[in-house]
Amino acid sequence: MATGAAEHSGGGATAFAETKSATTEDTDMFLSFRRHDFLADSFAPVGFVAARKHLPVDQFKHDLHGTLRVLKTELVELINNDYAQFISLSTNLVGVDSMISDLKKPLSRIQANVETVQGAIDGVIDRLETGLQKRALVRTKKAALEVFLSIHESLEKVQAVIDSSAAGSASGSSDDMDEKLLERVAIEYNQLRYLVSRGQNLAFVSNIAWRIENIKNTLVSTLSNYVRQGYTTLSVDPSNASAASSLLQTLRVFVLIDRVGDALNVFDECILGPFVDESIRADSVDLAGVSTPTGTPVAQSSNPLQDMLDRVLMFVTTRCSRIYDITTVAFKGTHYDLLANTIWTRIITAIVTKLPIIFNAGIPSIFHGNYQTAMAFVCEFERMCKSRDALRSLRNSQPYSDFMRKWQLSIYFQIRHNEIAVKFETAIAIGREPRDPIENGSLPTFGGASLQLKASVALIQALSRCWDDTVYLGSLSHRFWRFTLQLISRYSDWLHKAISDELQSGPPSKNGMGSTAQLNASAESSESISANASTSQTFLASSSSISAAGGLGGISDDAFAKQTLGFHSDMLQIRDDIMLLYTLQIAPKLPAGSTDNPILLDSLTLALDEIQSAMPELNDRIVSHFTRKCVEPLRSSVKNIPGLYRRTNKETPTKCSYFVPAIFRPLTTFVHANYERLDRRLVDDWQDAVARAVTHQYLEQVKETLASVRAIEESLKRLKKVKKATTTASAGEDALSDDDKIRLQIFLDAQQYGVELTQLGVECNSIPSYVELMQIVSAK
């Protein structure tokens, strides 16, 4: 029955839980909050109310009261469902107090026993820790005693060796120890240093510090005497094997006791220092004689700086070479190097301190000679290094960096830059003028001789000057290369601006003839010029090459011919000259490996292409000039044809007008006079463009003239209709009228014009304006 009651009770609880869940969900649907919000760990009344401050108070109060009523109802239902369990709860708790009292006493006794055992264990631990501390103290004292005994024993050994050496020497000095004895002393001294480092905080070590210092001084003094003798002997007689062996042994002792710096100082004092003080002096170099004012190097024997540095190199290679070989072997495994740490440092310090004026770039020619001489000295010095590590040590040393930074390379380049740029700008100002014959001597032997204009010659001279042996410095190669591109770009900009200004400011031609753009207004002319310009070579023009009369269009034929030939010749030549200059003078001076990078040649080619991009504008200018010259007689002559035949009883025309064979004479005369100096393909392009432009103008003139003739003819016909018709025909009724003669003359002129085009080398039928012209004159 109990089981059944439990099952019944469990079933009732489950049913109640389900009913409660359903009721809760139904209730929450109509409330402003959910009941499980009260069960959250973070529930706080203040926060709960604050989160719902947007609700009306009456509604919020109503929801809370409703929830309270539901909770009370659920509590009553819960008690009713589990009433039997609630009633038996008090019955089940009877006797629990006595049971707890019975358990309390034994638990208290167990606690007391545990505390007693814990106290005993803590006492044992304290005694053990005290014993261990005493043992550690004893061990420390024992170690200190052992260090003391070892130091004392080592000190006595060293002192005994030194005393025995002093007693056995003839002079009674300890400086007369032999190499083997020195090595023994050094080994004992190293042992002594190790022991002292272990007991450096002990009082007795401080008390014997003076004895250790005396031993060190004695050892270093003795070793210094030996290396001094070895240095002196080998500097005079490098082949002395005994001195070399003794020096090697002594230097190894220096390495053993970690006193290599003392050995290097001895070399500086007895060998290097005296030579440097004697050879490198402020008055030993007469800077005015290093190079000539023009930058031309003088004979090596008259270069004091070169002589001084040669003496230094000779000293290092003869008197120091054998010593350096020995130190390289002895100092192997250490960071010391005689060449980098001592020789280089002392020499460069003396040069920087005593000869600061050689770094002054105020006189660029002298500075150039000084720098070249110094860099040659540095290269020779670097070749003496025995290994890559030695070379790296030399280049990474502070004196090396200070020496390289001391040279005023930026100032030198700025001076050279201004010198070349000012001269170049001055030449550009008169660039239209033809070159002077005396300028041939200032041009490089491999280019520039055939250039015609001063501007072009000035560019080649400036580029050659940049890379001249008396100007160029390898450390500034990047700056000189950039300056080279700037010079070419400046030349290109100057020419482009000159051509552009003249195209915009050229004078208008007579009788409504406009600028180049107007003369070439026809579609076929513009397309032809653009197509031809894309395959032609470029040549340059300048604003100063245009006369005050108003540009190329307003100058005389002779002046125009000279300028055109100059531009044309320079156009064909200057690119080749610059590329030849790059191959023979620039590329060999660039840093090794840089010429393999295509970016250099690409940048140069791009700069030269920018010069050649002036070709379309220049072609327009040339075509405009010859078009105007050819159109000038054509314009007035075509309009005068009606006046030759109207009411003049002139005979019927049988040949072309006098002006037709002379239409293209300005162009053909220019071409024939300078045929050998002009590019054939470019001339063909000019002739074709001029022919198209002139034909277009000729067509317009013919149209205008025929329209005028037609208008006059119609007026005369109207007058005749008003008059009374005559009974007899006039005597000349069957002859050609004046208007017919005019049309016939125009037809003959057009035919002859086609012959002139053919003689010019232009296909007549390829010009739409000519085809239209023939259709008009044939129809009339």
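I started with Arg-259 and Asp-262, whose side chains meet in a salt bridge at 2.7 Å, N to O. My cut-off for a salt bridge: a side-chain nitrogen of Lys or Arg within 4 Å of a carboxyl oxygen of Asp or Glu. Arg-259 comes out partly exposed at 27% relative accessibility; the scale is buried under 20% relative accessible area, exposed over 50%, partly exposed in between (1.4 Å probe, protein chains only).

Note on the model: it is predicted, so I take local features at pLDDT of at least 70 and side-chain atom pairs at pLDDT 80 or more, while totals for chains, interfaces and linings use all residues. Side-chain values use heavy atoms, without hydrogens and water, and residues are numbered from 1 along each chain as its sequence is written.

Next I looked up Glu-704, which pairs with Lys-639 in a salt bridge with the closest N and O atoms 3.7 Å apart. This one links distant parts of the chain, 65 residues apart: Glu-704 sits in helix H26 (residues 680–722) and Lys-639 in helix H24 (residues 615–645). Helices here are DSSP runs (H or I, at least four residues), numbered from the N terminus. I get 45% relative accessible area for Glu-704, partly exposed, and 41% for Lys-639, also partly exposed.

Then Lys-703: its salt bridge goes to Glu-772, with the closest N and O atoms at 2.8 Å. Lys-703 is in helix H26 and Glu-772 in helix H28 (residues 768–779), so this pair ties together parts 69 residues apart in sequence. Lys-703 is partly exposed at 31%, and Glu-772 is partly exposed at 32%.

Last, I found a network: Asp-268, Asp-277, Arg-346 and Lys-354 are joined by salt bridges that share partners. My tally by this rule is 19 salt bridges.

Technical notes. Helix = DSSP H or I, 4+ residues; strand = E, 2+ residues; numbered from the N terminus.
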